[in-house]
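User: I'd like to go through this model with you. Can we start with the picture?

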Amino acid sequence: MTTAVEGDSFAVQAILADRALTVVRAPRIPDPVALAGALAGAGIRSVELTFTTPGLTDAIRAIAASGIGVIGAGTVLTAQHAESAIDAGAGFLVTPGITEAVADVAARHGIPVVMGAFTPTEVMRAMELGAAAVKIFPAKALGPGYLKDLRGPFPAVRLIPSGGVNAGNAADFLAHGAVAVTAGTDVVPPAAVAAGDWADIASRATAFVRALR
């Protein structure tokens, strides 16, 4: 299990300690604070809300003000995205691919960025740009064994698989070298989020956390 080191932000520390973060994609989030509370109560404190969700910055601002968990912004494609998310209170950024512009903004503000990559070349580039961790997406394409392969040339890189990770395979990804996993629709189905079914989401998150053990 990878532990935090000196200099890691609280966001990175939380992700490493919980070994998971939740990525939420939904047509609407009726109560962002209740969502964050349901997830944090189950043991997943870090929540990534994506720029594909309407009202993203308002939702980030609400969760940040509540002090519940750690809120971050995902699908960060541009420097403008990064600036607006950080201004709203995002504690970390997540990109779907390699982007120097976002890395520059994150570095200037002292905010960690989890950068998306898939190939060894992309992993190397993410490292060069100072990524706090590398999101391997889509993880389901090659499965847990691919992370073990990447750990060969990159033993010190923090790898976080995303895409196709669920309660049935999350522990396998961790066993093959992931420092944490991304919980997506298995924990936060868009329909449940839009309906405000926090009890269902809390139950799903509890099962996911239990599966990590």
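User: Which residue in strand 8 is the bridge partner of threonine 22?
Analyst: Alanine 183. Before we go on, this is a predicted model, where local features need pLDDT of at least 70, side-chain atom pairs count only at pLDDT 80 or more, and totals for chains, interfaces and linings use all residues. Residues are numbered from 1 along each chain as its sequence is written, and side-chain values use heavy atoms, with hydrogens and water left out.

User: How many bridges join strand 1 and strand 8?
Analyst: Three, in the parallel sense. Two strands pair if DSSP finds at least two bridges between them. Strands (E, at least two residues) and helices (H or I, at least four) are DSSP runs, numbered from the N terminus.

User: What order do the strands of the sheet take?
Analyst: The order is 7-6-5-4-3-2-1-8, in an open sheet of eight strands with parallel pairing. Strand 7 and strand 8 (181–183) stand at the edges. Each has a single partner strand, so one side of each has no neighbour in the sheet.

User: And what is the average twist from one strand to the next?
Analyst: It averages 30°.

User: New topic. Which residues of helix 1 are buried?
Analyst: In helix 1 (residues 10–18) they are Ala11, Val12, Ala14, Ile15, Leu16 and Asp18. Buried means under 20% relative accessible area, exposed over 50%, partly exposed in between (1.4 Å probe, protein chains only).

User: What covers them?
Analyst: The cover includes strand 1 (20–24), strand 2, strand 3 (70–74) and helix 10 (198–212). Contact here means heavy atoms within 4.5 Å.

User: Where is threonine 53?
Analyst: Threonine 53 sits in the loop between strand 2 (46–50) and helix 3. Its relative accessibility is 6%, so threonine 53 counts as buried. Leaving out residues up to four places away in sequence, threonine 53 touches Val24, Arg25, Ala26 and Ile29.

User: Is alanine 62 buried or partly exposed?
Analyst: Partly exposed, because its relative accessibility is 29%. Alanine 62 belongs to helix 3 (residues 56–66). Its C-alpha atom is 6.8 Å from that of proline 32, 30 residues apart along the chain.

User: At what angle do helix 3 and helix 4 pack?
Analyst: About 30°, with axes 8 Å apart; helix 4 covers residues 79–88. Axes are lines fitted to C-alpha atoms, for helices over the stretch in contact, and angles run from 0 to 180 degrees between N-to-C directions. So helix 3 is roughly parallel to helix 4. Angles under 35 degrees count as roughly parallel, over 145 as roughly antiparallel, 65 to 115 as roughly perpendicular and the rest as oblique.
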